[in-house]
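Please look through the sequence and the structure shown below.

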Amino acid sequence: MVSSSRVPSSGQLDYIAPKSCTKCPRLAQFIASKKQSHPHWHNAPVPSFGPIDAEVLVVGLAPGLKGANATGRPFTGDFAGNVLYQALASHNYCSGQFSPDGRDNLVLHNIRIINAVRCVPPQNKPDASEIANCRGYLKTELTKMTRLKVMFALGRIAHDTCLTHFGLRKSAYPFSHGSAHKLPNGLWLVSSYHCSRYNIQTNRLTQTQFTQAVGQIASYI
Ligand code: SF4
């Protein structure tokens, strides 16, 4: 599926968090070490991907070390991304070719993708202060997304990040796979288990179930 064309989808990449952001010292240090060992990787906060006037915002957890942190595009280059983009393609949220190295002509339609934490964390585990720091960029994102109707959260951390952003109690809007809550501001929060390799390989989530969850989004737009 590798395309010879050069990253037209980069026109949909948007640095809400500046590349120079170092609000999280542990993450900045981790990225600095990867710049030494892998100088050709992206190694910076990962930009948002997709049109700013989209009605749907996918909220993931954090960039994968060899995925988005390497390619510079959310969910591109790792297992979770392959699952996500396949599901998005099934429901016409994207067109063009997808390549795991991001050198493709993939274009998103009416959907934008971000991570709750925009820098790669060690062991894929951001801490609470890092989640809180990066929530400031979610606020910027949401201010700009004036047509937004649905937030599609991948996993509990993303789900809780959305609720915390709006000052809502987690107990009032519990996370579960397939949950859909209408928030007081009119937005829908639709959630799924994260499409991670771990969840798929342990059968917590199948590709079919995930694709069905993505299909559910349309009923809230
Ligand atoms: S995770 Fe977010 S707040 Fe923290 S350094 Fe990266 S971009 Fe900045």
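## The chain as a whole

In this predicted model, 44% of the 221 residues of the chain count as buried. The chain has 7 helices and 9 strands. Its radius of gyration is 16 Å, close to the 17 Å that the globule rule gives for 221 residues, so the chain is as compact as a globular protein of that length. The C-alpha trace spans about 45 × 40 × 35 Å along its principal axes.

Contacts can also be sorted by how far apart the two residues lie in sequence. Among contacts between residues at least 6 apart in sequence, 68% join residues at least 24 apart.

Strand β7 covers residues 150–154, and 5 of its 5 residues are buried. Both of its faces are covered. Val150, Phe152 and Leu154 lie on one side, while Met151 and Ala153 lie on the other.

Strand β3, residues 56–60, runs parallel to β7 and is joined to it by 4 bridges.

## Strand β9 and its two partners

Strand β9, residues 188–192, is mostly covered, with 4 of its 5 residues buried. Strand β9 pairs with β7 in parallel, through 5 bridges. Here valine 150 stands opposite tryptophan 188 in β9.

Strand β9 also pairs with β8, residues 180–182, but in the antiparallel sense and over 3 bridges. Histidine 181 has leucine 189 of β9 as its bridge partner. The strands β8 and β9 form a hairpin with 5 residues between them, and glycine 186 in this hairpin takes a positive phi near 95 degrees.

## The nonpolar core

The largest nonpolar core has 58 residues, and the members that touch the most others are Leu57, Val59, Ala116 and Phe152. Helix α3, residues 79–90, gives the most to this core, with 6 residues.

What does alanine 116 touch, not counting residues up to four places away in sequence? Its contacts are Val59, Gly60, Leu61, Ala62, Ile131, Cys134, Ile157, Ala158 and Thr161. Val59 is itself one of the core members that touch the most others. Phe152, another of these members, is one of the buried residues of β7.

## Around the ligand

The ligand is surrounded by 15 residues, of which the closest are Cys21, Cys24, Pro45, Cys119 and Cys134. Cys134 is also one of the residues that alanine 116 touches.

Which helix gives the most to the shell around the ligand? Helix α4 does, with 4 residues. Helix α4 runs over residues 128–144, and helix α1 over 25–37; each supplies at least two residues of the shell. By type, the shell divides into 10 nonpolar, 2 polar and 3 charged residues.

## Asparagine 69

Asparagine 69 lies in helix α2, residues 68–71. Is asparagine 69 buried or exposed? Asparagine 69 is buried, because 25 other C-beta atoms lie within 10 Å and the cut-off for a buried residue is 20 or more.

Leaving aside neighbours within four places in sequence, asparagine 69 is in contact with Trp41, His42, Asn43, Val46, Pro63, Gly64 and Val120. Serine 33 is 36 residues from asparagine 69 along the chain, and the C-alpha atoms of the two are separated by 13 Å.

## Two asparagines with positive phi

Most residues other than glycine have a negative phi. Asparagine 43 has a positive phi, near 50 degrees. The phi of asparagine 92 is also positive, near 60 degrees.

Asparagine 43 is found in the loop between α1 and β2, where β2 covers 48–49. Asparagine 43 counts as buried because 21 other C-beta atoms lie within 10 Å. Asparagine 43 is also among the contacts of asparagine 69.

Asparagine 92 is in the loop between α3 and β4, where β4 covers 94–95. With 11 other C-beta atoms within 10 Å, asparagine 92 is exposed, because the cut-off for an exposed residue is 12 or fewer.

Methods:
Residues are numbered from 1 along each chain as its sequence is written. This is a predicted model: local features need pLDDT of at least 70, side-chain atom pairs count only at pLDDT 80 or more; totals for chains, interfaces and linings use all residues. Two strands pair if DSSP finds at least two bridges between them. A residue is near a molecule or strand if its C-beta atom, placed from the backbone, lies within 6 Å of it. Ala, Val, Leu, Ile, Met, Phe, Trp, Tyr, Cys and Pro count as nonpolar, Asp, Glu, Lys and Arg as charged, and the others, Gly among them, as polar. A nonpolar core is a set of buried Ala, Val, Leu, Ile, Met, Phe, Trp, Tyr and Cys residues joined through C-beta atoms within 7 Å. Two residues are in contact if their C-beta atoms, placed from the backbone, lie within 7 Å. The radius of gyration is taken over C-alpha atoms; the globule rule is 2.2 Å times the number of residues to the power 0.38.
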